[in-house]
Amino acid sequence: MVQATALPRNEVGIETVLGILKQRFGDRLQTGQSIREQHGHTTTWIVNQSPDAVVFPESTAEVSEIVKACAAHKVPVIPFGTGTSLEGHVNAPAGGISVDLSQMNQILTVNSEDLDCVIQPGVTREQLNTHLRDQGLFFPIDPGANASLGGMASTRASGTNAVRYGTMKDNVLALEVVMPDGEVIRTAQRAKKSSAGYDLTRLMIGSEGTLGLITEVTLKLQGIPEAISSARCSFPTVDAACRAVMMTIQFGIPVARIEMLDVQSVQAANAYSKLSLPETPLLLLEFHGSEAGVVEQAETFGSIAEDFGGVDFEATTSTEERNKLWQARHDMYWASLQLRPGASGISTDVCVPISRLAECVTAAQDKVAELGLMGPTVGHVGDGNFHTLLLIDMENQDEKAKADEFVGWLNDMAISMDGTCTGEHGIGQGKRPYLIKELGAATTYMKAIKAALDPDNIMNPGKIL
C-alpha cells in the first residue's frame, strides 16, 4: 500500500502564517479538527494528512494574498475543490494551509456566439450546465462526481463523454493562475488557437496544484444536440463487449459515450437502482446528432454488437429512460459497495490503446479472481480507460496486501501495453511510484520545471513527484 509519508514541517512559518491569515480573514480561516480532517480526506486507503488550517477566499486577489504570505514564510499551500479526488491530492504531508475555493463559484461570462465561458474554479459541472441550459449550450466533460471545474482542470479530468468530446485538456482555452510567489498570470486569451509562446495552459492542466492555484477557467462549450439516443446491449463475456467497442471505434461511429459494466457491476446496478438488466456484461451507449443521425448510429452499432454475440439491444430517445440508465452508471461506486456491506472501496484506473483493451480488462478480471478478491469493473471503454473497484475489509491485512499487489500489477501491465497508470484519476500520492516507470527520464524535466517555478516547494508538496 502506498504510504503517505510525512514531510518536514516548518513549525515557525506555519504559526506565523496562521496569525497573519487569522487577522486578515477572521472566521473565513478555520482550524477546527473536523474541518481540517475533511480537507485532508482522500476517499481512498491513503492515510488522512490534515492541513493546519482551511481558508475560504472569495477572489483572485485574496488567493494571491494567501500565497504571498505562505511564500514569504515557506508554508505549504494545498488547493481544495470539492474533495472528490482519489489519489491523496488534497493531503497535507507537511502541514500548511488548505485553500478551499468553493466560495469562488461565480459564472463570470458566457460568450454564446463564441461557444465559450469564463468561470471561477469553485463552479461545479452541474451548476454550469444548469446555467447554460436555456442558452442551448452545455459543457461535456462528465467525470461522474459533481466536481469543481477548477479541480477538474487541475487533475486533467475525463469521464463518460471523453470518447467524443475529449478531456479537460481539450476543453480549456485559458487559465488565470496564482503562481508560487503570489503573482497572477493569464496563460492565454479566448482565441480558439494560438502559436504564442509556451503552452502554459496545458502545463497547468493536470499539474494538481503543484505549480500554481487556478482562479479562473475559460472553457469551450458545445451546442446541445438536436437529438440524443441511448442504447444498451448485453454480451456473453467482457472480452466480447470490449471487442465490440474496438470495432465501433474503428468503424468511425461518432459515439458520444460508451461504457462497460461487468457482471458484478450489473448485479449491483440492478439492486441499487432498481433495474432489471440481464446479468451479463453490458455496454451503455449514447449518440448525439440529428434525429435521423442518432437512429442510424444506433442501428449500425446494433449490427456490430450482433457480430460479437450482443443480445437484448435496446435504444431509446426518451429523456426519462436515458436519465435512469446514466444515473445508474453514475451511482456505480455506491451500488458496488452494497455487494459487500461494510467493505471499503479502493478504486484504481488505467488506460490502454483501444486495441489492447479486451486483453487488459480480461487479464485484470482474472487477476482479481486469482487473488480471491471482489472487484467489479466499469470503464469509459471508448477511449480504453477502465476502473476496478476492490471491495476490501480494511481490518484484514492479507486482503490489503493482495489489493496492493493487484494495484501495482495492473499499473505495470497497463504501462507494458503502452498505456498509462492513470487515465483520469491523476498521480497525487497514490500513483507516484509508477510515474517514473511510465515516463522515465521525462520526470527529470518535470522536476526541473517544478524547481524553477516553485523553488521552495510550497505548492501542494509531495504530489506527483
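**View 1. Helix α11 and the residue that follows.** Just after α11, Gly309 adopts a positive phi of about 85 degrees. Helices (H or I, at least four residues) and strands (E, at least two) are DSSP runs, numbered from the N terminus. The model is a predicted one, in which local features need pLDDT of at least 70 and side-chain atom pairs count only at pLDDT 80 or more, while totals for chains, interfaces and linings use all residues. Residues are numbered from 1 along each chain as its sequence is written, and side-chain values use heavy atoms, with hydrogens and water left out.

**View 2. The buried residues of α11 and their cover.** Buried denotes under 20% relative accessible area, exposed over 50%, and partly exposed in between (1.4 Å probe, protein chains only). In α11 the buried residues are Gly293, Val294, Gln297, Ala298, Phe301, Gly302, Ile304 and Ala305. The elements covering them include the strands β12 (227–234), β14 (282–289) and β15 (311–316), together with helix α9 (238–250).

**View 3. The salt bridge between Arg24 and Glu65.** A salt bridge is a side-chain nitrogen of Lys or Arg within 4 Å of a carboxyl oxygen of Asp or Glu; by this rule the count comes to 26. Arg24 pairs with Glu65 in one of these, with the closest N and O atoms 2.9 Å apart. The pair links distant parts of the chain, since Arg24 belongs to helix α1 (residues 11–25) and Glu65 to helix α3 (residues 60–72), 41 residues apart. Arg24, at 35% relative accessibility, counts as partly exposed; Glu65 is also partly exposed, with a relative accessible area of 35%.

View 4. A salt bridge joins the side chains of Asp142 and Arg125 (3.1 Å, N to O). Asp142 lies in the loop between β7 (137–138) and α5 (149–154) and Arg125 in helix α4 (residues 125–132), so the pair ties together parts 17 residues apart in sequence. Both residues, Asp142 and Arg125, are buried. Salt bridges link Arg125, Glu126, Asp142, Arg257, Glu286 and Arg322 in a network.

View 5. Asp239 and Arg243 form a salt bridge whose closest N and O atoms are 3.0 Å apart. Both lie in α9, four residues apart, about one turn of the helix. Asp239 is partly exposed at a relative accessible area of 27%, and Arg243 is partly exposed at 38% relative accessibility.

Terms used
Contact = heavy atoms within 4.5 Å.
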